[in-house]
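Student: Hi, could we go through this structure together? I'd like to begin with what the words mean before we get to the details.
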Number of protein chains: 2
Amino acid sequence: MGATERDSYHHGDLRAALIEASESIIREEGVEGFTLRKAAKRAGVSPGAPSHHFKGTRGLLTAVAIRAFERLGAELAILPASGVPARNLRVQAEGYVTFAARNPGLFRLICRVDLIDCQDQDFREASFSALAHYRNAAAAYFGEDPPDRAARIFRPYLASAFATAHGLAHMILEGRPALLFDTPDPARTFIETTLPSVLLATWPDRHC
Amino acid sequence: MGATERDSYHHGDLRAALIEASESIIREEGVEGFTLRKAAKRAGVSPGAPSHHFKGTRGLLTAVAIRAFERLGAELAILPASGVPARNLRVQAEGYVTFAARNPGLFRLICRVDLIDCQDQDFREASFSALAHYRNAAAAYFGEDPPDRAARIFRPYLASAFATAHGLAHMILEGRPALLFDTPDPARTFIETTLPSVLLATWPDRHC
DNA sequence: GCATCAATCTGAACGTCATTTAGATTGATG
DNA sequence: CATCAATCTAAATGACGTTCAGATTGATGC
């Protein structure tokens, strides 16, 4: 549970262990509870060891953010797709917000551009790939071709398709639902009650 | 420019000076560049002095956040209002996003619930008051009575009215426009080109 | 005008943080 | 089996927030 036991002087796969440890810390204590020393301790190494595998704290957090985007992408990928574009877009948006609500630490991390190396190619690739299904659903709904990898990510219609869900996600993480509901899980209640009607108002379509 | 000169042992109005200094630092270097010691130095006092006026760093940042909400509220209050509800709502939303783009540090601060005492009554009051015009515009557009001070802030229609603008604001602060435009001020370009069409898609109304 | 008191500020300390460096350890190569 | 580069430790550095004893002073009561 605490520091990982280790028999040899070398760790074996410290890089992976640090990412794993960091993700756990962020899940348990949030991004603000994360420190490089904690991650090193949890992986069973000294505070200076991580520097051989990552460019400082930022490098490690960038790697964790990449994993977070991969998890988001995996969740969006398995959502059911119907023949109704509006419904598909709404399912993707709801999945996006649900991911943020269920993984507040990870979602906050991928939005903390001050903590991450946003120029990192793997990071940019991961952030692009994660939203593939969402993007396709939006393109189908708005009747446009989905942008390819070389094209700019955000077109006006895409901004529209992302902004509402992104805003709702942040509202949840900023604690708005707790002001509204006294249920055991206010965020869940928020998603189940407020969100569908919001998406309905944003992208009205009686075919859903 | 640097430390404020001081003739007497006592500062006179250190509380206000610390808030002023902190806001300047956050404007210049962002929230992540802020430290309590910097603020103390800029106000011309020792690192321990602020503790007599604020409950730690969080107390000071909460005071700065209150000021930030007041500035946001002041900007939204002077926006022109017409007889067309849809237009008024759109003007408020655009003002909201513009404030975020022009004051990235301050806007990030009021969203950093980990740095602020969100239970603070003055803070809650300020956050509520700042959005008065926005709320009224949304209520008029959706044909509902605006909620009074005692009522819960967010209803579904209000969440809808805020989510898109809030999401766009975060997208700007997360650097998305820089991926899109090569202009000297990508955020400005984003607002002037992408944003109106996004708001149009979100709240379609040919009376604007 | 003066003594007293509470508010305010300093200076130094403490523990934690990220990061760097010299040196110890060891897996891999020849 | 010797060599070498990769990996890790231990210690140090400087900045951070916070606390505390003591210095200073504005304000109050006389």
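Tutor: Let us begin with the term polar contact, which is a pair of N or O atoms within 3.5 Å, where, within protein, one must be able to donate a hydrogen and the other to accept it, and where residues adjacent in sequence count only if both atoms are side-chain atoms. Please keep in mind as we go that this is a predicted model.

Student: How much area do the two chains bury between them?
Tutor: Chain A and chain B bury about 2,900 Å² between them, and 64% of that is on carbon and sulfur atoms. On the side of chain A that touches chain B, at least two residues each come from helix H5 (104-111), helix H8 (156-173), helix H9 (176-180) and helix H10 (186-202) of chain A.

Student: Which one gives the most?
Tutor: That is H8(A), which gives eleven residues to the side of chain A that touches chain B. Sorted by class, that side has 13 nonpolar, eight polar and nine charged residues.

Student: What rotation superposes chain A on chain B?
Tutor: A rotation of 180 degrees, with 0.0 Å of shift along its axis, superposes chain A on chain B with an RMSD of 0.1 Å. That is the relation of a two-fold axis. Among the residues of chain A, A:Gly167 comes closest to the rotation axis, with its C-alpha at 1.7 Å.

Student: Why do the copies meet through the same surface?
Tutor: We can say so because 100% of the interface residues of chain A are also interface residues in chain B.

Student: New topic: is B:Asp114 buried or exposed?
Tutor: B:Asp114 counts as buried, because its relative accessibility is 19% and buried means under 20%. B:Asp114 lies in the loop between helix H5 (104-111) and helix H6 (121-130) of chain B, and its side chain makes a polar contact of 2.9 Å with the side chain of B:Arg112.

Student: Which residues does B:Asp114 touch, leaving out those up to four places away in sequence?
Tutor: With those left out, B:Asp114 touches A:Glu32 and B:Arg58.

Student: And where is A:Phe54?
Tutor: A:Phe54 sits in the loop between helix H2 (36-43) and helix H3 (56-77) of chain A, and A:Phe54 is buried, with a relative accessible area of 7%.

Definitions and conventions:
Residues numbered from 1 in each chain as written. Chains lettered and ligands numbered in written order. Predicted model: local features only at pLDDT ≥ 70, side-chain atom pairs only at ≥ 80, totals over all residues. Heavy atoms only, no water. Helix = DSSP H or I, 4+ residues; strand = E, 2+ residues; numbered from the N terminus. Buried < 20%, exposed > 50% of the residue type's maximum accessible area, 1.4 Å probe, protein only. Contact = heavy atoms within 4.5 Å. Buried area = accessible area lost by both parts, 1.4 Å probe. Nonpolar A, V, L, I, M, F, W, Y, C, P; charged D, E, K, R; others polar. Least-squares fit on C-alpha atoms with pLDDT ≥ 70 in both.
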